[in-house]
Amino acid sequence: MKRVAKFEKVSKNQFEEAWKDTFGTEQTVYEELRLPRRATKGSAGYDFFSTLDFELRPGETIKIPTGVRVRIDEGWVLKLYPRSGLGFKYRLQLNNTVGIIDSDYYNSDNEGHIFIKITNDSNEGKTMQIKKGEGFCQGIFVEYGITEDDDVADVRNGGFGSTTK
């Protein structure tokens, strides 16, 4: 198996600023953050763990600062999806359908902090509950190619929408 990435925590300052911006409260869970990991030797996905207890009723959305960043080899991308069991039971959806973490996001001003925004899209009236430390999303590393005439030399500095500015 080819090793192409390494998960790390963002700085404590970055995490606490993101937490306060997202939830409006001071928080001290930084020391408890868990880096993504696979559940079994045969798992393709690295589980991302919730930083808090939360409940989502049908139609509700939450944005979660994970406190995680990832250094990825060039030519690879991390794709984020809901954990399949949660998608099956609750129609859990990422708001951007599939999260794409590019290798150059690691060096962004926000330290490449990965945020995950999810919605309970249940059409069966099911409320989803996630406990702090429970896996709710998974990331899979995928190799990609570029066209023969690609000559892009621009450098990223930012997150959502930064590559089209």
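A: Helices (H or I, at least four residues) and strands (E, at least two) are DSSP runs, numbered from the N terminus. By this naming, S11 has its place in the loop between β1 (5-9) and α1. The model discussed here is a predicted one.

Q: Why is S11 called partly exposed?
A: The relative accessible area of S11 is 27%. Buried requires under 20% and exposed requires over 50%, so S11, at 27%, falls in between and is partly exposed.

Q: What makes S11 and Q14 a polar contact?
A: A polar atom of the side chain of S11 lies 3.1 Å from the backbone nitrogen of Q14. The limit for a pair of N or O atoms is 3.5 Å, so the distance of 3.1 Å is within it.

Q: Which residues does S11 contact, leaving aside its neighbours within four places in sequence?
A: They are Y30 and E111. E111 has its place in the loop between β8 and β9, and phi of E111 is near 65°, a positive value in a residue other than glycine.

Q: Why is T97 called exposed?
A: The relative accessibility of T97 is 60%. Exposed means over 50%, so T97 counts as exposed. T97 is in the loop between β7 (92-94) and β8 (99-102); its phi is positive, about 65°, although T97 is not a glycine.

Q: Which strands form the open sheet of 3 strands, and in what order?
A: The order is β4-β9-β7, and the pairing is antiparallel. β4 (61-65) and β7 each have a single partner strand, so one side of each is left without a neighbour in the sheet and they stand at the edges. Neighbouring strands of this sheet are turned by 30° against each other on average, direction ignored. Helix α1 (residues 12-23) packs on the sheet, where it touches β4 and β9. The direction of α1 makes about 165° with that of β4.

Q: How do you know that β7 and β9 pair?
A: Two strands pair if DSSP finds at least two bridges between them. There are 3 bridges between β7 and β9, so the two strands pair. They run antiparallel, and I118 in β9 stands opposite L94.

Q: Why is T119 called buried?
A: T119 has a relative accessible area of 13%. Buried means under 20%, so T119 is buried. T119 lies in strand β9 (residues 115-120), and its side chain makes a polar contact with the side chain of T61 at 2.6 Å.

Q: Which strands form the open sheet of 4 strands?
A: That sheet has the order β2-β11-β6-β8, with antiparallel pairing. β2 (46-49) and β8 stand at the edges with a single partner strand each, so one side of each has no neighbour in the sheet.

Q: What makes β6 a partner of both β11 and β8?
A: Pairing requires at least two bridges. Strand β6 (residues 76-82) is joined to strand β11 (residues 135-143) by 7 bridges, and 4 bridges join β6 to β8. L78 has F141 as its bridge partner in β11, and L78 stands opposite I101 in β8. I101 belongs, with G99, to the covered face of β8, whereas I100 and D102 form the uncovered one.

Q: Which residues have the most contacts inside the largest nonpolar core?
A: They are L78, I114 and I118, in a core of 34 residues. In soluble globular proteins, nonpolar side chains tend to be buried together.

Q: Why is the pair of R83 and D47 called a salt bridge?
A: The side chains of R83 and D47 meet at 3.5 Å, N to O. The limit is 4 Å, so the pair qualifies as a salt bridge.

Q: Are R83 and D47 buried or partly exposed?
A: R83, at 31% relative accessibility, is partly exposed. D47, at 9%, is buried.

Q: What makes K126 and E124 a salt bridge?
A: The closest N and O atoms of K126 and E124 are 3.2 Å apart. This is within the limit of 4 Å, so the pair is a salt bridge.

Conventions:
Residues numbered from 1 in each chain as written. Predicted model: local features only at pLDDT ≥ 70, side-chain atom pairs only at ≥ 80, totals over all residues. Heavy atoms only, no water. Core = buried A, V, L, I, M, F, W, Y, C linked by side-chain atoms within 4.5 Å. Buried < 20%, exposed > 50% of the residue type's maximum accessible area, 1.4 Å probe, protein only. Polar contact = N/O pair within 3.5 Å; in protein donor to acceptor, adjacent residues only side chain to side chain. Axes fitted to C-alpha atoms, helices over the stretch in contact; angles between N-to-C directions. Contact = heavy atoms within 4.5 Å.
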